[in-house]
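Hi everyone, thanks for coming. Let me put the structure up, and then I'll walk you through a few spots.

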Amino acid sequence: MEISVRDVIRDFSAYVPGKSIEEIRQTYGLKRIIKLASNENALGVSPLVQEVLARRISDVFRYARAASPRLCQKLAEKLRVLPEQIVVGNGSDEIIDLLLRVVPTPGRDNVVMFRPSFSMYELQAKLCGVDIRKVPLEADFHFSFAKMKEQIDENTRLVFVTSPDNPSGYACLACALADFAASLPPKCLLVVDQAYVDFCEPCCDFDMVRFLEKSENIVILRTFSKAYGLAGLRLGYGIMPPMLAEYLLRVKLPFSVNLLAEEAGLAALDDEEFLQKSLSLCKQERTRVSERLRELGAAVFPSQANFCMFRPSVAAKRVNEELLLRGVIIRPLLSGYDLGEYLRVTFGTVEENDFFLHCCEEIFHG
Ligand SMILES: *Cc1c(COP(=O)(O)O)cnc(C)c1O
């Protein structure tokens, strides 16, 4: 029997994630693997979150409450917005998917994004049958809003910007993004993906939240996957106008955020000590790893995130393969980003970074 599916599905290629520890352990027969590929938290999971998860495990025979109202309330207080402005999702990926399914009309409307950018925007737009327009980043990976404006017309419904950006680590000032939002046509929303904003220095110059009050066309995406160390539990959220939040909640699968994820999110917000430790380790290692890579002859892009992008003096493909042989997984940027000369490394613990840098020394000069 021939399985009949939509045309878009027949030549759809799945999201390519970073390689897993298990995969590399099996392929290379190694005992010790260091994973610096997916921008996960170097310190793992907060001890407070672990305690709460262990305590609540016996409750998982129950359904969670739809729309995670306790977490919305707590986030709203912390961010000084209304709970009605928050939509919690199964990772911020789910919010990206919801926005693309709810806002643009397939066959008529378009969405605009930079090239390269986080591949989820394009993948879900394609699935929805929404026209995609891409604007190249500048040579130094900065944003040109003038070029972006050239692609925006009266049918543009969503403009995606990642700040701090992945994979470059570049962050755009919040006031510049707010000015750009103000210049957009009436029905166009600016979606600012701030998955890495906690790592910015100083964070207040880049955090978009304070501009929500004045601007009615801004959506901010946040996640618990990075600074809060909950990537595997899947928890993220969007902050948006209440009317849009209501539309998203109409179609969101009611229990996409599971009971443990909500509990973990609540506990993670209480563990300020773990967050501060994670952020200060990242900032310390960002400076140290970037400087050392430069000393070793790589071109390193200044980063405001928990990773950096670099162009090694020898072929990136070889560097990646040699690192894998030594048990270090980083992110080659050919697939998904089309940046074959570049690599992205997440900042790990001091020991992990020391080992990574030691390997780089061998590979670059070997
Ligand atoms: C990691 C990341 C996210 C977070 O995705 P989750 O679904 O919340 O895990 C979102 N946007 C970008 C650009 C990212 O790099």
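I'll talk about a helix pair, then a loop residue, then some cysteines.

Quick background: this is a predicted model, where local features need pLDDT of at least 70 and side-chain atom pairs count only at pLDDT 80 or more, while totals for chains, interfaces and linings use all residues. Numbering starts from 1 along each chain as its sequence is written, and side-chain values use heavy atoms, with hydrogens and water left out.

So, the helices. The axes of α12 (residues 316–325) and α13 (residues 350–365) come within 10 Å and cross at roughly 125°. Axes here are lines fitted to C-alpha atoms, for helices over the stretch in contact, with angles from 0 to 180 degrees between N-to-C directions. Helices are DSSP runs of H or I, at least four residues, and strands are runs of E, at least two, numbered from the N terminus. Who makes the contact, meaning heavy atoms within 4.5 Å? On α12 we have Arg318, Val319, Glu322 and Leu323, and on α13 Phe356, Cys359, Ile363 and Phe364.

Next, threonine 349 sits in the loop between β13 (339–346) and α13. Threonine 349 counts as buried because its relative accessibility is 19%; buried is under 20% relative accessible area, exposed over 50%, partly exposed in between, using a 1.4 Å probe and protein chains only. Leaving out residues up to four places away in sequence, threonine 349 touches Ala42, Leu281 and Glu285.

Last, how many disulfides, that is, pairs of cysteine sulfur atoms within 2.5 Å? Zero disulfides. The sulfur of cysteine 200 has its closest cysteine sulfur in cysteine 203, 5.8 Å away, so that's too far for a bond.

Terms used. Contact means heavy atoms within 4.5 Å. A disulfide is a pair of cysteine sulfur atoms within 2.5 Å.
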